[in-house]
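The following questions and answers concern one protein chain. Each answer sets out its grounds before giving the value or name requested.

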Amino acid sequence: MPSSLSPSPSPELQDLQTLLASARPFLRGELESVHPDLASLVSVLRSVGAGECWHKHGNFLEHLVDLYKILKIWGAQESVCRCGLFHSAYSNSYVNLAIFDPSTGRDTVRGHVGGAAEELIYLFCVVPRQPLIHDDLLFRYTDAELVEHLKASEVSLRTAKDGGVCNGDEPWRKKVNSLVPSSGITVKHIKTGEDVLVSRRVVAIFVMMTMADFSDQIFGFQDTLFDNFNGRLEYSGNSYGSLWPGDGKPGLWLNSISRMGAIYSLLAREEAIFMEERKRVGAGGNQVPMDGRNEELELVIPPVFDNCTRVLGAEEQIEARDLYWEAVCEGSKKGLDWAEELLWRSIEKNPFVGEPYVVLGQIYLTNGRFEEAERVAEKGLRHLLEWGSPWDKRMSWEGWVAWCRVLLMKAKEKSWPNTSWGILNLGLVK
């Protein structure tokens, strides 16, 4: 059985073909090869009209399947992926958009997805997720504090596993345990006001799911809607007259998601140390699962932001986005050399998304710089596959991946069309 707290393979260790293999069933629409039940589960969602519901960047069915896809690519357990697929079965604290009629019983949902997934779905739909994720966790840390605690926790975890030395008085551990103790936290049911106990592992899972959820749906429209001018996604504005879909500019959500990833890593590391302490001290080497802690849940680490170990500053995020946007919108007029310079400046400030590398790849191919094109196309494709969703949502994730694979193939062939019709005739990927 895999370790419940083992990180996903690092980008260096997980080669491009392995990443592509995990993504290919989604790219081809071969849902049965992902899981034998997936196609029938999607059919259930389709039958209740999820594909007819508007949802931020498209329709609700697309979003639900995308969330399953992202979580699966990140290595989450099937029950967690199914929670993503049915995460609004009973509506939730963000949207009043229930997949099923409110009178539908939990037994019906359980019959579709299984008991473990339904329990997560129910909790996801009744906890006050905005206060839990943002007020109680995200806004309790500064960016600098997260960076410091990530470094300290890495050392602490290594020391606990290698030497059995655990120090509960370390500042990072004290803070994590003050926010989410090992026994979990109690929140109020969003509809009944009753107390709901949420284990620390479930809190962590909901943080990871929120990362996936936001990455799939947020783009420039939400920045305008909530006046997100500082890039910290604090939902402080109320520009309800904003016209959808806006200009399609990439959204300023990466700082927030990188912070969530850092908090997820801290929770996962504290859980790992807690288990080490129990193994060495409390249970004499026997780790009998404790009631109410959901220790069967695996806290896999998403590969984004260098395995959730980096925090992208809000200002750097804005500057990088604006440089990218200027390059892709004005590059054809001002010249490819000019666009190349802007794209590299964008990447220096935000190296964590794939699209700037992809655009660079096309520039290099156009200029016959095939080896450079291959390097940046590989980098861009890796990021796209790791995210499972696009940053520049003017095109779908599948579209970006397909285009980048074309660039990579042509770079290896050392050829590129020199006519407009030649560009339009591209498409075959080997």
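Helices (DSSP runs of H or I, at least four residues) and strands (E runs, at least two residues) are numbered from the N terminus. The model is predicted, so that local features need pLDDT of at least 70, side-chain atom pairs count only at pLDDT 80 or more, and totals for chains, interfaces and linings use all residues. Residues are numbered from 1 along each chain as its sequence is written, and side-chain values use heavy atoms, with hydrogens and water left out.

Q: Which element gives the most to the lining of the second largest pocket?
A: On a 1 Å grid over the protein atoms alone, a pocket is an open set of points where a 1.4 Å probe fits, with protein on both sides within 12 Å along at least five of seven lines; its lining residues have an atom within 4 Å of a point. The second largest pocket has a volume of about 430 Å³, a volume being the space filled by probe spheres set on grid points joined across faces, edges and corners. Of its 22 lining residues, Glu-62, His-63, Asp-66, Lys-69 and Glu-398 are the closest to the centre. Two or more lining residues come from each of α3 (38-47), β2 (58-59), α4 (60-73), α11 and α19, and the most, six residues, come from α4.

Q: How many charged residues are in the lining of the largest pocket?
A: The largest pocket, of about 530 Å³, has 18 lining residues, with Val-328, Val-359, Gln-362, Trp-400 and Trp-403 nearest its centre. Ala, Val, Leu, Ile, Met, Phe, Trp, Tyr, Cys and Pro count as nonpolar, Asp, Glu, Lys and Arg as charged, and the others, Gly among them, as polar. By these classes the lining has eleven nonpolar and five polar residues, and its charged residues number two.

Q: Is Gln-222 buried or exposed?
A: Gln-222 is placed in helix α12 (residues 220-225). Leaving aside residues up to four places away in sequence, Gln-222 touches Lys-56 and Gln-217, where contact means heavy atoms within 4.5 Å. Buried means under 20% relative accessible area, exposed over 50% and partly exposed in between, with a 1.4 Å probe and protein chains only. Because its relative accessible area is 8%, Gln-222 is buried.

Q: What is the reach of helix α7 from its first C-alpha to its last?
A: The expected span of a helix is 1.5 Å times one less than its number of residues. Helix α7 (residues 115-126) has twelve residues, for which 16 Å is expected. Its buried residues include Leu-120, Ile-121 and Phe-124, and what covers the buried residues of α7 includes α5 (78-85) and α6 (106-113).

Q: What separates the C-alpha atoms of Glu-315 and Lys-349?
A: Glu-315 is placed in helix α15 and is exposed, with a relative accessible area of 58%. Glu-315 and Lys-349 are 34 residues apart along the chain, and their C-alpha atoms are separated by 9.1 Å.
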